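Take a look at the chain below. This short report walks through its helices, its core and a few of its loop residues.

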Amino acid sequence: MQFQRLEDLRLDADKTQAEIAEVLHCKREVYRRYEKGIHEIPTWAVIELAKYYGTTTDYILGLTDKR
């Protein structure tokens, strides 16, 4: 699931939700909702997170298991 990958990437990077929210220029609560699957994450945010984590958008979206 996409939102589980968001949490896994964040935890692997030893970052807090607040730190990732800063990367996306949004509030922590907004990012928390993306991570928990409450709200769909926008395309621009997936792209920014892929760049930040050094992975692909396909991995974040669950289209591949290859990081």
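Where is Asp14 found? Asp14 sits in the loop between α1 and α2. This is a predicted model, so every value here is computed from that prediction.

Start with the backbone of Asp14. Its phi angle is near 55 degrees, which is a positive value in a residue other than glycine. Is Asp14 buried or exposed? Asp14 has 67% relative accessibility, and exposed means over 50%, so Asp14 counts as exposed. Along the sequence, Asp14 and Gln4 are ten residues apart. In space, their C-alpha atoms are 15 Å apart.

Now move to His25. The loop between α2 and α3 holds this residue. The phi of His25 is also positive, near 55 degrees, and His25 is not a glycine. Its relative accessibility is 75%, so His25 counts as exposed.

**A buried loop residue**

Thr55 lies in the loop between α4 and α5. Why does Thr55 count as buried? Its relative accessibility is 13%. Buried means under 20%, so Thr55 falls in that class. Which residues does Thr55 touch, leaving out those up to four places away in sequence? They are Leu9, Ala50, Ile60 and Arg67.

**How α2 packs**

Helix α2 covers residues 17-24, and helix α4 covers residues 43-53. These two helices pack at an angle of about 115 degrees. Their axes are 10 Å apart. Angles of 65 to 115 degrees count as roughly perpendicular, so α2 is roughly perpendicular to α4. The crossing of α2 past α4 is right-handed.

From α2 come Gln17, Ala18, Ile20, Ala21 and Leu24. From α3 come Arg28, Tyr31, Arg32 and Glu35. By class, the contact of α2 with α3 has five nonpolar, one polar and three charged residues.

Ile20 is found in helix α2. Its relative accessibility is 0%, so Ile20 counts as buried. What does Ile20 touch beyond four places in sequence? Its contacts are Arg10, Lys15, Tyr31, Leu49, Tyr52 and Tyr53.

**The nonpolar core**

In soluble globular proteins, nonpolar side chains tend to be buried together. The largest nonpolar core has 15 residues. Which of them touch the most other members? They are Leu6, Tyr31, Ile41, Leu49 and Ile60. Helix α4 gives the most, with five residues.

**A residue of α5**

Asp58 is in helix α5. Its relative accessible area is 37%, so Asp58 is partly exposed. Asp58 touches Leu63 and Thr64, not counting residues up to four places away in sequence.

**Apart in sequence, apart in space**

| Pair | Apart in sequence | Apart in space |
|---|---|---|
| Thr55 and His25 | 30 residues | 20 Å |
| Ile20 and Thr55 | 35 residues | 15 Å |
| Asp58 and Leu6 | 52 residues | 12 Å |

Read the last row on the model. Asp58 and Leu6 are 52 residues apart in sequence, yet their C-alpha atoms are 12 Å apart.

How values were computed. Residues numbered from 1 in each chain as written. Predicted model: local features only at pLDDT ≥ 70, side-chain atom pairs only at ≥ 80, totals over all residues. Heavy atoms only, no water. Axes fitted to C-alpha atoms, helices over the stretch in contact; angles between N-to-C directions. Helix = DSSP H or I, 4+ residues; strand = E, 2+ residues; numbered from the N terminus. Parallel < 35°, antiparallel > 145°, perpendicular 65-115°, else oblique. Left-handed = near helix turned anticlockwise from the far one by under 90°. Core = buried A, V, L, I, M, F, W, Y, C linked by side-chain atoms within 4.5 Å. Buried < 20%, exposed > 50% of the residue type's maximum accessible area, 1.4 Å probe, protein only. Contact = heavy atoms within 4.5 Å. Nonpolar A, V, L, I, M, F, W, Y, C, P; charged D, E, K, R; others polar.
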